[in-house]
Amino acid sequence: MNSTVTTGTETSVWGGGNQPLGASYGKMMMWFFIVSDALTFSGFLAAYGFSRFKFIETWPIADEVFTHVPFFHGNYPMIYVAFMTFVLIMSSVTMVLAVDAGHKMKKNAVIWYMFATVIGGIIFVGSQAWEWGTFIKGDYGALETKGGRILQFVKADTGERAAISDFAASIPDSRVVHERKNGIWFYQEPGLTSVSLKEVVEGFKADSNILIRTETINEEGEKTLLDRKASLAKLADATQVVEGANLIHNEYGSRLFADFFFFITGFHGFHVFSGVVINIIIWFNVILGTYERRGHYEMVEKVGLYWHFVDLVWVFVFTFFYLV
């Protein structure tokens with residue numbers, strides 16, 4: 001017995017057919033994924049915003065954290081982050097051109113534009129990995145107090161940040177590296193820093209040109225700088241040396257900043273990396289003529305939607321972490 005299934009009717013609204021809103025099933029599923037992922041990122045950024053508002057008086061200043069450029073020494077606030085953002089935006093432009101070339105069935109143009117998109121994504125992911133490494137390593141070092149506050153050091157004559165290794169005294173280390181009765185030391189003791197707390201304290205007392213800067217932001221929007229007397233008094237609260245940033249300690253200020261930085265930029269970086277891998281696969285398929293034989297380049301358009309979404313999310317991440 002033959003039967004006919006009616007999936008939709010010719011009306012002004014979608015009647016339940018297999019192309020809602022005039023889009024194919026694959027394209028609709030990509031939009032569903034993008035909407036759900038956008039809600040996920042929105043939740044993360046909202047949490048970041050609430051935490052920053054709660055601890056606004058001690059939140060690190062981005063211009064003092066992200067100051068590095070590969071192969072250059074010096075203070076270049078936001079320069080490299082701006083470069084990363086420009087590269088990702090331009091990769092989105094080349095993806096648009098690849099989709100347009102696909103609509104016109106220009107295989108060679110799709111190949112070159114997708115190749116440029118992949119290169120842009122690789123540069124961005126590599127730059128983000130380098131930025132992570134720099135952030136984790138740190139620059140100057142700091143001290144952490146009993147209450148978890150961060151004390152940084154500044155040169156009184158120039159106002160520039162001072163690295164703890166520059167003024168710390170040299171005191172012979174009396175730490176027992178390994179005793180049989182205690183087992184291996186790193187099971188029970190904290191990791192070693194390049195200088196000890198005692199060396200920093202003694203070096204600070206001997207160098208009158210060094211002052212302490214707290215993580216509290218004053219009315220001028222700058223970190224509070226203590227005078228020499230207040231610095232010596234504040235030094236008594238220090239409990240350990242902190243170098244760089246991780247999920248437990250952060251030499252730049254609030255540890256929550258580092259937690260959110262690693263989680264949100266890492267989550268976004270995973271999306272970009274996934275996009276690069278997917279784009280490479282689609283790129284090879286274009287070279288092999290897969291979509292030419294199908295008669296359309298819709299797959300390029302679908303991965304293009306994902307890539308534009310990743311680009312758009314970075315605009316918000318960039319704004320929240322680096323600009324605001």
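Author: Let's begin with a pair of strands: strand 2, residues 150–155, and strand 5, residues 210–217, run antiparallel to one another and are joined over five bridges. Keep in mind as you look that this is a predicted model. For a landmark within the pair, find K155, which stands opposite I210 in strand 5.

Now step back to the sheet around this pair. Five strands make up an open sheet, and their order is 6-5-2-1-7. At the edges you will find strand 6 (223–225) and strand 7 (238–242), each of which pairs on one side only. Going from one strand to the next, the twist averages 40°.

Next, turn to what lies against the sheet. Helix 7, residues 228–235, packs on it, and the strands this helix touches are strand 1 (142–145), strand 2, strand 5 and strand 7.

Finally, here is the setting in the whole chain. The secondary structure comes to 10 helices and seven strands, and 41% of the 324 residues count as buried. Of the contacts between residues at least 6 apart in sequence, 70% join residues at least 24 apart. The chain's accessible surface is about 18,400 Å², with 63% of it belonging to carbon and sulfur atoms.

How values were computed. Residues are numbered from 1 along each chain as its sequence is written. This is a predicted model: local features need pLDDT of at least 70, side-chain atom pairs count only at pLDDT 80 or more; totals for chains, interfaces and linings use all residues. Side-chain values use heavy atoms; hydrogens and water are left out. Helices (H or I, at least four residues) and strands (E, at least two) are DSSP runs, numbered from the N terminus. Buried means under 20% relative accessible area, exposed over 50%, partly exposed in between (1.4 Å probe, protein chains only). Contact means heavy atoms within 4.5 Å. Accessible areas come from the Shrake-Rupley method with a 1.4 Å probe; for residues, only the protein chains shown count as cover. Two strands pair if DSSP finds at least two bridges between them. Axes are lines fitted to C-alpha atoms, for helices over the stretch in contact, and angles run from 0 to 180 degrees between N-to-C directions.
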